[in-house]
Amino acid sequence: MEKHTPGLTTVEAQALLKQYGPNQVQEDKPHPIRLFLSKFWGAVPWMLEVTFILEWVLHKTPEAIIIAFLLVFNAILGFTQERRAQSALDLLRTRLKINARVLRDGEWKEVSASELVPGDYIHLRMGDFAPADTVLDDGEVLADQSSLTGEAAPVERKAGGLVYSGSVLRRGEASGVVKATGPHSYFGKTAELVRGAGSRSHLEDLVMGIVRYMVLLDGILVVGILIYATVHGIGLSDILPFALILLVASVPVALPATFTLATAVASLDLAHHGVLVTRLAAIEEASSMDELCTDKTGTLTLNQLTLTGTRPAPGTTQEDLLQMAGLACDTATQDPLDLAILQAAQAQNVTLPARSAFVPFDPATKRSEATFIQNGTPWKAIKGAPQTMAELSGYSGWETDAEALSATGARILGVVAGPESALKFLGLVSLSDPPRPDAAKAVADLTALGIRIRMVTGDSVPTAQAVAAQLEIAGPVCEQSAIQESGKDCGVFAGVFPEDKFHIVQRLQKQHRITGMTGDGVNDAPALKQAEVGIAVSSAMDVAKAAASLVLTRPGLADVVTAVKTGRLVYQRMLTYTLNKIVKTFQVAMFLSLGLLLFGQFVVTPLLVLLLLFANDFVTMSLAGDNVRYSPEPDHWELPSLIGTALLIAVAWLVYIFAVFLVGHYGFHWSLATIQTMDFLGLVFSGLGNVFVVRERSWFWSSRPGRFLSLAALGDIVVVSALATLGWLMQPVSLADVGWLLLFTLIYMFLLDFIKVPVLGCFHKKGKKAPRSPSSTPTL
């Protein structure tokens with residue numbers, strides 16, 4: 001191919017490289033040590049760290065060691081799971097690690113695409129990935145830009161045309177001048193949107209909300225205790241350790257770790273169902289997702305042109321039409337239109353006669369043609385633009401059929417055949433990107449789960465309208481301009497750009513909607529990263545997979561339904577854990593404080609309170625694999641209702657533990673040390689009993705608990721009973737006393753269920769989102 005420009009010299013290229021930077025996406029990769037240390041920064045770690053320092057200063061070594069262990073355990077668990085997540089920027093960088101043919105110093109050379117600069121003269125061939133935005137000045141190519149723009153049909157580019165970086169060349173070859181590289185290219189600008197995208201985890205808000213309530217309760221109790229200590233002349237060295245232990249008892253120590261463990265267990269299960277999780281918080285977010293914005297091309301459709309309709313002219317059979325259309329195609333061109341027609345001809349067992357000549361599609365003539373022999377006479381088979389075919393054959397009346405076919409957004413081609421001097425118009429064929437076979441069911445299943453589906457595509461309105469109708473996606477079809485208009489409840493957005501998808505997700509989030517996004521191309525990556533639940537389909541490019549938090553490994557969207565159901569199962573498990581934790585926090589904190597204020601005694605020793613954390617908190621982490629049922633509507637954390645419900649149940653358990661204390665003190669006249677041991681056992685047993693009570697919204701015996709939960713509870717009972725009867729870390733008690741306490745706990749669980757069932761029934765109704773009404777529907 002002749003040179004139309006001298007290109008750049010090596011010296012010029014080096015200078016421009018310094019000016020514009022390398023042709024790649026910059027990364028922000030945190031150091032592993034910094035990432036690990038960040039796990040010690042936050043509301044829960046701060047409270048534990050302050051307590052650790054004070055315990056150490058007061059020479060409470062055992063307590064300080066236990067608190068340090070809690071800190072490190074949470075940090076290691078969180079760090080380990082986060083390191084397993086894929087890095088979007090790592091894969092964005094590898095996306096541009098390809099070679100390019102460039103003219104440097106008057107010679108063609110092959111260099112790394114990262115070394116390209118604006119002004120370079122490069123050569124592109126069929127099968128190449130365009131390494132930079134390039135303006136062609138010689139040759140013609142067919143560029144597949146579906147991963148960038150969302151348009152399924154490839155586009156013709158010739159001299160003066162712009163080929164975007166990341167496009168795949170399906171046909172032809174050309175040379176041109178690089179216009180933009182790296183973050184300044186079309187691909188790079190999309191990557192920059194990914195860098196700036198991201199949403200705050202709702203789990204962080206939940207943990208902070210719980211901590212605020214716990215700290216408020218703890219603050220009130222500590223003030224009361226300090227006033228009591230001052231009035232009764234109790235020394236600071238005696239009361240401060242107790243206040244610190246009260247602080248530790250009020251902190252949801254294992255809450256972050258339990259959420260991490262529950263989502264990690266769920267991620268392993270999802271991996272066996274075709275869903276890879278790259279951001280654990282997305283599993284919990286999936287339970288609350290009430291909006292799903294889905295890309296069309298490659299997500300709801302096959303991203304593969306298919307023959308979807310034919311309109312034979314009068315006197316022509318469908319077989320004749322398809323035979324002549326197939327004859328004017330060739331697999332060597334790798335033109336998607338040719339491949340679709342040939343595939344349809346093969347599927348219908350249409351035999352193609354031998355050709356003596358073939359001319360590929362030419363944008364100038366808008367047709368491709370084949371020559372073959374029919375009854376000893378040379379014939380032509382030609383396909384191309386309908387108007388051009390009608391002019392060649394002198395045929396009229398094709399417009400009505402063409403309008404009917406194009407109304408579906410399909411690509412229309414005309415076909416003529418016959419001797420060159422007597423060509424006959426045979427009819428029209430239409431080609432489009434059809435919906436995936438499972439797409440309609442997936443949309444219906446997600447809608448049945450209370451999720452609003454919105455289709456977002458770069459294709460035209462007719463094409464989007466046709467696909468939406470086939471998939472029964474509710475709502476009007478809107479153009480790109482409607483994104484900025486208020487009052488429109490659009491079910492479909494057509495003709496949008498990558499940044500539009502990003503802004504649609506943002507606007508829904510501003511309306512307090514938990515938003516999901518599915519996609520497969522570079523154009524979807526920013527929205528995938530911004531959404532609480534970004535879902536990359538199995539055919540997605542690496543960029544989309546890196547930006548997403550869930551990656552499907554099997555074709556179709558059926559596994560999205562599985563991910564939503566799994567997220568709701570995790571929600572139910574975490575609701576049980578959180579409710580149990582708040583109940584136990586109220587019970588323990590109130591018991592310790594009121595015990596001191598009413599009876600002037602430490603009803604449980606500080607060391608036993610720390611031991612209680614292990615006996616209850618970390619055993620109940622087995623709830624991460626409990627047997628639960630998913631809810632039919634999106635789940636939402638209603639913290640005030642949750643706290644109110646927990647407080648009512650906590651009061652009931654507070655009555656239980658004070659009964660244990662009062663019976664031991666006034667009934668059996670046990671020593672204070674013995675009472676403290678029995679109080680400790682009562683707190684452990686009531687903690688385990690509460691788990692089984694609150695895990696089931698109906699009667700606690702209505703469903704079988706998970707195997708690990710049952711084994712953990714049994715093991716907990718055996719261990720603490722052994723410690724108590726052997727007198728390790730506490731005053732020894734008899735095995736009979738332990739047995740009677742267990743029996744009392746079981747009886748109390750039955751009695752408590754008569755309170756719990758109506759209370760949790762009310763909470764369950766409050767925690768559900770009200771059905772949508774016209775006034776509450778989010779608009780875009």
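Visitor: Which residue stands opposite K380 in β14?
Guide: That would be G418 in β14. Keep in mind that this is a predicted model.

Visitor: And how many bridges join β13 to β14?
Guide: Five bridges link strand β13, residues 377-384, with strand β14, residues 411-418. The two strands run antiparallel.

Visitor: What sheet do they belong to, and in what order do its strands come?
Guide: An open sheet of six strands, with antiparallel pairing. Going across, you meet β10, β15, β14, β13, β12 and β11 in that order.

Visitor: Which are the edge strands?
Guide: β10 (306-312) and β11 (355-362), each of which pairs on one side only.

Visitor: By how many degrees are neighbouring strands turned against each other?
Guide: On average by 20 degrees, with direction ignored.

Visitor: Which strands does helix α13 touch when it packs on the sheet?
Guide: Helix α13, made of residues 336-347, touches β10, β13, β14 and β15 (424-432). Its direction makes about 105 degrees with that of β15.

Visitor: What about helix α15, where does that one lie?
Guide: Helix α15, residues 399-406, lies across β10, β14 and β15. With β15 it makes an angle of about 10 degrees.

Visitor: New topic! How many aromatic pairs does the structure hold?
Guide: There are 21 aromatic pairs. One of them is W41 with W46, an edge-to-face pair. Their centres are 5.0 Å apart, and there are 85 degrees between the planes.

Visitor: Is W41 buried or exposed?
Guide: W41 counts as exposed, because its relative accessibility is 67% and anything over 50% is classed that way.

Visitor: Why is the pair of F599 and F661 called tilted?
Guide: Because the planes of the two rings stand at 50 degrees, which falls between the cut-offs of 30 degrees for stacked and 60 for edge-to-face. The ring centres of F599 and F661 are 4.9 Å apart.

Visitor: Which helices do those two lie in?
Guide: F599 lies in helix α21 (residues 558-599), while F661 lies in helix α23 (residues 639-667). The pair therefore ties together parts that are 62 residues apart in sequence.

Visitor: Buried or exposed, what is F661?
Guide: F661 is buried, at 0% relative accessibility. F599, on the other hand, is partly exposed, with a relative accessible area of 28%.

Conventions:
Residues are numbered from 1 along each chain as its sequence is written. This is a predicted model: local features need pLDDT of at least 70, side-chain atom pairs count only at pLDDT 80 or more; totals for chains, interfaces and linings use all residues. Side-chain values use heavy atoms; hydrogens and water are left out. Two strands pair if DSSP finds at least two bridges between them. Helices (H or I, at least four residues) and strands (E, at least two) are DSSP runs, numbered from the N terminus. Axes are lines fitted to C-alpha atoms, for helices over the stretch in contact, and angles run from 0 to 180 degrees between N-to-C directions. Contact means heavy atoms within 4.5 Å. Rings of Phe, Tyr and Trp (its six-membered ring) pair if their centres lie within 6.5 Å; planes under 30 degrees apart count as stacked, over 60 as edge-to-face and the rest as tilted. Buried means under 20% relative accessible area, exposed over 50%, partly exposed in between (1.4 Å probe, protein chains only).
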